[in-house]
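Work through the exercises below with the model open beside you. Try each task before reading its solution.

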Amino acid sequence: MKKKVTTGEDIFLQQSLKERVTNFTTDSGIPVKGVYKPEDIKEMEYERNLNDPEQYPFTRGYHRDMYRGRLWSMRLISGAETPERQNDRFRYLISQGGNALDVVADASTMYGIEPDQPGAVPYVGHSGCPTNCIEDVDIMMKGIPLDKINICIQSLSFPPPLMAYILIAQERCYDLKELPMVAGIAQYHCPPIIPSLKFSICHKGHFSTLGRLTNDFAEYVLRNLPKWTFWYMDAADYVDAGANAILEGALLISCTKELIREMLRRNIDINVVAPRISPNISAGRDFFEDIAKIRAIRRIWARMMKEEFGAGPKGMAMRFYARGIGSYMEGRQPLVNIVRGTLTTLIGVLSGASGIQTCSYDEAWCPPTEEAAKLALRTQQVIRYESGIPRVADPLGGSYYVEWLTNRIEEEILATVDRIEQMGGWLAAIEKDWIRSQLRQDAIERQRKVESGERVRVGVNCFAEEEETEIRVPDIRDEVTRYISRYKRFKEKRDMQKVKKALEDLSRAAEREEVDLVPYTFEAVKAHATFAEIVGVLRMKDGLDYDLLGERSYPFS
Amino acid sequence: MEGKKIRVVIAKIGPDDHYVGMECVAQWLREGGIEVVYLGTNQRVDGVVKAVIEEDADVLGLSFHCRGEIEMTNRVITRLREENAGDVRVIVGGVMPHESVSKLKEIGVSIVFLPGSSMTDIVNCVKTLYAEEKE
């Protein structure tokens with residue numbers, strides 16, 4: 001009789017057949033049982049805790065018809081190497097069925113520095129689109145129907161790119177009152193995740209001069225541009241920086257309170273501001289926990305807006321866009337990320353997001369290439385048009401597990417929000433470095449689980465391959481060189497007396513606390529001051545160097 | 001090498017605050033018994049070189065996310081050589097295309113870690129690098 005030879009593969013298969021779930025806690029550490037029953041949610045009452053979509057406390061969604069009324073906007077992030085190529089990308093995405101355009105700015109724009117200065121040049125155009133003067137915005141938006149498509153310019157907290165957009169829309173004879181926009185405004189969430197940019201919001205525990213401009217601009221938008229939505233908070237950034245679902249939810253709520261309080265201080269009605277602000281929330285770490293987190297945040301938001309701020313129903317209904325977590329996309333075996341993108345999109349749809357951003361599979365290597373962006377869009381289109389999933393609102397509502405988890409996460413988020421309030425609120429928590437220390441702790445904890453294999457990353461810490469799939473990162477050097485030459489020409493052509501006067505007027509206005517900085521900043525953008533010059537002048541008001549990198553000084557002193 | 005701890009300076013140069021990977025590396029190195037001088041983000045070339053010399057570091061770790069890895073590392077290595085500190089080993093990690101690995105090695109970088117690298121591997125590599133240098 002022949003003896004059967006057992007190979008390594010056989011052993012693997014035998015073990016694989018006996019595999020079972022061994023991790024009984026959610027990503028944020030909440031222990032969960034194997035099955036949930038009616039007794040786990042016996043305290044719940046339908047009207048009090050859930051209710052129909054568009055009914056307080058809005059747990060099940062912001063609109064009674066949900067996707068039967070309007071499907072989500074497909075927000076695909078792009079960040080081409082120059083405004084010219086960004087314009088090509090916009091047109092390409094529209095031609096492929098995209099209906100929302102998100103452009104992320106590069107490091108020169110985000111840090112308020114000149115793209116032609118030595119410390120900036122190596123970074124220009126690599127992590128987003130350089131958007132440094134009005135001409136850049138004009139080129140980027142060439143031929144784009146600004147009134148028909150939902151645009152988002154992600155320039156973090158600096159209003160000048162958005163102000164340039166407004167000036168261009170006016171020049172092209174659009175009615176500002178009809179212009180839709182999801183604009184990154186008053187992004188108080190930035191300092192803990194981008195420590196070098198703390199100056200853009202706060203200085204010594206108070207709003208900085210640039211923070212004041214961002215608040216003045218927020219007020220301007222609320223009063224003059226009724227169809228603009230504030231994307232004021234990138235909660236997913238916190239998850240990229242390490243936060244778990246509970247910390248993410250708590251930071252979102254605390255940051256929102258600060259923004260609302262500031263707008264109320266400016267005598268803006270709560271029913272003007274509350275319906276116009278919309279955060280993004282992360283999707284992708286833990287499927288059911290993310291869905292429960294979003295439902296919990298929606299309920300907390302509704303109660304906060306009603307009980308604390310006295311908002312009406314429109315303000316109580318949180319609209320948000322779900323953002324795939326960039327750091328969830330792995331560098332190894334990158335095509336596997338398409339599956340991860342599918343899961344994040346599903347989380348967004350099942351949670352009733354009004355916009356969804358799916359990460360592209362090359363996320364770990366570079367801003368989305370055209371092919372990767374198309375596949376991310378196709379992922380959304382398959383779920384949107386083929387799957388039948390969007391047919392019913394809040395399809396997981398009533399699940400014993402999801403409802404129990406929603407309740408549990410709500411309690412945890414509220415406890416952390418209380419802690420931040422006791423600390424003195426959002427700006428105090430930033431000043432005390434509390435948020436960063438929490439993020440650091442969570443990030444290290446998460447990495448520890450990846451190292452030990454407790455947190456499985458397919459293709460990274462299991463099923464890894466010796467041979468790596470290489471992503472071809474486009475060589476953009478020639479394009480960027482051309483961009484920098486054009487930028488220099490833009491600066492050379494300016495009437496320097498006009499630039500000087502506009503910057504001096506802005507600087508003088510900043511000396512008086514009660515003066516609105518918006519008209520002065522508009523004048524500076526119109527006079528072709530660069531965005532870095534505007535940032536520099538306002539930095540100086542807080543006693544900071546004109547230039548973040550210490551390479552340039554104020555040109556008119 | 002008895003008794004002396006390996007000393008590593010860690011920094012990020014330029015307009016880039018993607019610090020999570022760098023903080024994790026610092027943590028794992030410390031836990032691995034390595035002394036870490038953590039400079040953080042928004043550093044300038046001269047400041048990094050100065051810190052390496054003043055701290056008598058054995059290794060300099062530079063992290064990049066928004067590119068700039070070739071130019072900035074080149075500037076740092078050139079400055080280190082000018083300051084007679086060219087023997088300090090330089091390691092680089094972060095988001096960059098595969099082709100940057102060979103380019104970085106040509107300009108004098110000892111090891112490059114791409115996305116998905118294990119912290120344990122990074123610690124072991126730093127220890128091996130140091131041991132080789134002492135031999």
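This is a predicted model: local features need pLDDT of at least 70, side-chain atom pairs count only at pLDDT 80 or more; totals for chains, interfaces and linings use all residues.

**Exercise 1. Overall build of chain A**

What percentage of the 557 residues in chain A is buried?

Solution. Start with burial: a residue counts as buried when 20 or more other C-beta atoms lie within 10 Å of its own. Buried residues come to 52% of the 557 in chain A. Next, list the elements. Chain A has 22 helices and 10 strands. Its radius of gyration is 24 Å, close to the 24 Å from the globule rule for 557 residues, so chain A is as compact as a globular protein of that length. The C-alpha atoms fill a box of roughly 95 × 60 × 45 Å along the principal axes. Finally, look at contact range. Of the contacts in chain A with a separation of 6 or more, 75% join residues 24 or more positions apart.

**Exercise 2. A helix pair**

Classify the packing of H8 (residues 209–224) and H22 (residues 531–541) of chain A.

Solution. Two packed helices are described by the angle and the distance between their axes. The axes of H8(A) and H22(A) come within 7 Å and cross at roughly 120°. H8(A) and H22(A) are therefore oblique to each other. Read off the residues next. A:Thr209, A:Leu210 and A:Leu213 of H8(A) meet A:Val535, A:Leu538 and A:Lys541 of H22(A). By class, this contact has 4 nonpolar, 1 polar and 1 charged residues.

**Exercise 3. The interface**

How many residues of chain A are in contact with chain B, and which helix of chain A gives the most?

Solution. On chain A, 29 residues are in contact with 25 residues of chain B. H4 (107–110) and H18 (434–452) of chain A each supply at least two residues to this side. H18(A) gives the most, with 5 residues. The chain A side divides into 15 nonpolar, 9 polar and 5 charged residues.

**Exercise 4. Backbone details**

Inspect A:Pro57, A:Phe58 and B:Asn84. Is A:Phe58 buried or exposed?

Solution. The A:Tyr56 to A:Pro57 peptide bond is cis, with omega near 5°. A:Pro57 sits in the loop between H2 (46–50) and E1 of chain A. A:Phe58 lies in the loop between H2 and E1 of chain A. A:Phe58 is not a glycine, yet has a positive phi of about 60°. With 26 other C-beta atoms within 10 Å, A:Phe58 is buried. B:Asn84, also other than glycine, has phi near 60°. B:Asn84 is in the loop between H3 (69–82) and E4 (89–94) of chain B. With 8 C-beta neighbours inside 10 Å, B:Asn84 counts as exposed.

Technical notes:
Residues are numbered from 1 along each chain as its sequence is written. Chains are lettered from A and ligands numbered from 1 in the order in which they are written. Helices (H or I, at least four residues) and strands (E, at least two) are DSSP runs, numbered from the N terminus. The radius of gyration is taken over C-alpha atoms; the globule rule is 2.2 Å times the number of residues to the power 0.38. A residue is buried if 20 or more other C-beta atoms lie within 10 Å of its own, exposed if 12 or fewer, and partly exposed in between; C-beta atoms are placed from the backbone. Two residues are in contact if their C-beta atoms, placed from the backbone, lie within 7 Å. Ala, Val, Leu, Ile, Met, Phe, Trp, Tyr, Cys and Pro count as nonpolar, Asp, Glu, Lys and Arg as charged, and the others, Gly among them, as polar. Axes are lines fitted to C-alpha atoms, for helices over the stretch in contact, and angles run from 0 to 180 degrees between N-to-C directions. Angles under 35 degrees count as roughly parallel, over 145 as roughly antiparallel, 65 to 115 as roughly perpendicular and the rest as oblique.
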